[in-house]
Amino acid sequence: MVSSDLSVEVRDLAVTYKVYEEASLDLSQLARRGFRSRRTVTVDALQGVSFDVHVGEAVGIVGSNGSGKSTLLRTIAGLQKRQSGTVLVRGSAHLLGVNAALQKSLSGYRNVTLGGLAMGMSRAEIDAAMPGIEEFSGLREAMGRPMNTYSSGMRARLAFSIATLQVPDILLIDEALAVGDKSFRKRSLARINEIREQANAVLMVTHNLKEIRETCSRTIWLDEGRIQADGPVDEVLDLYEQRDD
Amino acid sequence: MSIASSAARSSELRDVHETDRLGAYVNVMWDRRSYVSFVALQEIRRRQVNNVLGNLWHLLNPALTIGVYFLIFGLLIKTTRGVDNFLGFLTIGLFVYQFTQRSTITASKAVVSNRGLLQAIQFPRAILPVSSTVTELLAALPSFGVMILVVLSTGQGVSIRWLLFPLVIALQFVFNLGVGLFVARLTTHVRDTSQILPFVFRLLLYGSGVIFNVDSYAEGDATLEWLFRLNPMYCLLTLARWTILGGDLDIIVLFSAAIWAVAAFLFGFWWFRRAESSYGQQ
């Protein structure tokens, strides 16, 4: 067994969503339908997905909307329950997404602290990281203001800063590079490269193929929840770009 | 990002869904305890920040509440029958009842109001209702202080039994935690929960002897007596009053409160965790 250089091992992973319409359920609907027989629609988000990621690899994941890319990253991060199969990781796996809108009524500082504590950092570690975040996010005096006064760009910058507070062993990036202005994008790319050098592995989802060509060593193409192709970047992206022809 | 800095850096491959196991789950929860204390202190500070009198409201609010109830029920309607120290009786009842009421209502929003955090970061979700329950414990402390002052003002003597009061509150805290975990999940299925809870508590307000003594109504009626003994709110109130005001204690009330607290906690935790990975999703 040569598994010592494995960073992520995914075997026969299946993820299904049961859509209950739960969020919009109110009592009258519940009563009409009967409390037991809830109508569910099952959506297969991932089926029979298997692959390994070795230490030092950067994997780009491509596919059309709804192909299961984000679900895959969420499952590796432990945020999404699996139907069957296994996901093993070495160390910590951390998802970096654009949706990290934390508590809008709290200030930037408070949000950084909340996010850090929820991730398991100590107050001392967070306080030590704070000047770096002020600098990096470029928010400075806005850090003291509540997040609902931020523009969407500022919010995204803060979310990115929170998500990169810690260097995880495995970095999962979901379209996070597409945020902010040009100079912030440059800084966040630099930060990701820095983390990549320290992290054992990177998996990233993006529609920007140029980004994958620049940063990844391997590409997985997902289509309707299954792996369509897995291999060197140029090979897979060539296939992917010809898919409609 | 599960076992955090401690075990995570081990060289073994681990299952990302390991918090499916209870032991690992509880470990990580303990690991995130500073999140709980931060959120609680944060929220306490935030609540009064826009008021002119600021933190004074933590004391003024319970004092005014007791004033209003005493005016209506002590002086105007006179529901004082069977009670020697009505002001003391009312004050203890009201504040102990309010602790569970507020704790439950806050916990019912703990999961649904934290979608952003739930979507971004993996952590044991039970931390959210635990944080809100700890917040309400801290928020209740000033009212217990006011309660002691009011009781002293009625001429009630200090007793060594008062030292048992914090133990009753600790028991109530465990009960609140269980109920909080339960309603936190319930609200994710049925949003109407937050609409229904005020009515449940209105019923409990009258059915647990918060503002009038129900013992005198139940006297001689065995069924009614047992109904009260099975009502956790009644039992907690009775225990709290006994520690401060003294008198006879029905030992069954003590057992009932203890069993309720443990059962509510175990059931609440079990049921909440069963939907662990669904919180924060569409």
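In chain A, among contacts between residues at least 6 apart in sequence, 74% join residues at least 24 apart; two residues are in contact if their C-beta atoms, placed from the backbone, lie within 7 Å. This is a predicted model, in which local features need pLDDT of at least 70 and side-chain atom pairs count only at pLDDT 80 or more, while totals for chains, interfaces and linings use all residues. Residues are numbered from 1 along each chain as its sequence is written, with chains lettered from A and ligands numbered from 1 in the order in which they are written.

Chain A has 8 helices and 9 strands, which are DSSP runs numbered from the N terminus (helices: H or I, at least four residues; strands: E, at least two).

Strands of a sheet pair through backbone hydrogen bonds, either parallel or antiparallel. In chain A, 6 strands form an open sheet with mixed pairing, in the order β5-β6-β7-β3-β8-β9; two strands pair if DSSP finds at least two bridges between them. The edge strands, β5 (93-96) and β9 (226-231) of chain A, each pair on one side only. Within the sheet, β3 (residues 58-62) and β7 (residues 201-205) of chain A run parallel and are joined by 4 bridges. Ile61(A) has Val205(A) in β7(A) as its bridge partner.

Turn now to chain B. Helix α8 (residues 165-189) of chain B has 25 residues and should span 36 Å at 1.5 Å a residue, which agrees with its end C-alpha atoms being 36 Å apart. The expected span is 1.5 Å times one less than the number of residues.
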